Amino acid sequence: MSRTALAIGCGGTIGGAWIIAALHALAEHTDWDPAQADILQGTSAGAEIVTMLAGGYSVDDLVEMQAGRSTDPVLTAHLAATPSGVPPVPRPSRLKPSTLWTRRSGHESLVGIAPRGRGDASWLDRLAQAVVPEGDSWLPHSGARLVAYRVDDGARVAFGAPGAPLASPSQGLRASWGIPAWMPPVNIGGHDYVDGGAASTASVDLIGPDEADLIYVVAPMASEAGERAPGIGGLLEQAALRNPMSKVLRREVEQVRARGTRVVVITPSAQDMAGLGANFMRREHRQRAFDAVLMSVGDTVARAIAAQEVSQ
């Protein structure tokens, strides 16, 4: 029996809107329900989406949420609690930059010098608690995984995966969303964890060769070479975030394909990014960004699927 995994990358508030639009287009193009993937792996904003999918919500439910039409109290409350696009003034870092500065994957080298975030992560707690049945220790979907970065040794940890440290869904989600200098690290089992995007936008290679025959990767913070959001903001985002994350993603995808696993990589097109803008946490732009990418992301997904079919 064919096994399918879905790996959803980091992307903040605006990237989350694009992820939902891309999943909607993926479902339409493939006649496949992303929520039924054997493995649902998410990083940061991707972990937030995975928590909702693994908690029983459909892609259509998430589209209604983003469009402002949902009547579900959990989804409407969650959307309303989206954090501000400007972080609280952070505290000085308590981490050890000397042990981190030599790391070169993603943005690992910056984690040690980033100040301690003071953002309120209670909205993520409420989401996780709302979708986990009382008495259960993990999300209802047995293949749900939330990726975070362990600061002291640089390990990427997919909470929920076999052999991973134990964590509650709330801990795993807050850790995966723990943007350095924005949200506080989360201590689990005596170790500090931050946003998994510090090392990899989607950590595709954490999905083992015996776990999936096909992996769909939905990664809003990566892109094809040369594609970026317009303007000076797009240039800055490309240099500081998009280029390094894309490089790591391409390396991971090559490794996974070398194992014999098929991988469909879905990243924003230039047209998508024109609608998204360069500020991935700009809450007030979320609705306009979602409406804009609904018009273009179908072509983006179709091209990604066609590219994988040609490469077989």
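Select Thr13, Ile14, Ala17, Trp18, Ile20 and Ala21 in α1, which meet Arg286, Ala289, Phe290, Val293 and Leu294 in α11. The residues of this contact of α1 with α11 divide into 9 nonpolar, 1 polar and 1 charged. The model on display is a predicted one.

The axes of helix α1 (residues 12-30) and helix α3 (residues 59-66) come within 9 Å and cross at roughly 140°. The two helices are therefore oblique to each other, and α1 passes α3 in a left-handed crossing. To see the contact, select Ala17, Ile20, Leu23 and His24 of α1 together with Val59, Asp60, Leu62, Val63, Met65 and Gln66 of α3. By class, the contact of α1 with α3 comprises 7 nonpolar, 2 polar and 1 charged residues.

Now move to helix α2 (residues 45-54), where 10 of the 10 residues are buried, so the helix is largely enclosed by the rest of the structure. Step along Ala45, Gly46, Ala47, Glu48, Ile49, Val50, Thr51, Met52, Leu53 and Ala54, the buried residues of α2. Finally, select Gly56, which follows α2 and has a positive phi, near 110°.

Notes. Residues numbered from 1 in each chain as written. Predicted model: local features only at pLDDT ≥ 70, side-chain atom pairs only at ≥ 80, totals over all residues. Heavy atoms only, no water. Axes fitted to C-alpha atoms, helices over the stretch in contact; angles between N-to-C directions. Helix = DSSP H or I, 4+ residues; strand = E, 2+ residues; numbered from the N terminus. Parallel < 35°, antiparallel > 145°, perpendicular 65-115°, else oblique. Left-handed = near helix turned anticlockwise from the far one by under 90°. Contact = heavy atoms within 4.5 Å. Nonpolar A, V, L, I, M, F, W, Y, C, P; charged D, E, K, R; others polar. Buried < 20%, exposed > 50% of the residue type's maximum accessible area, 1.4 Å probe, protein only.
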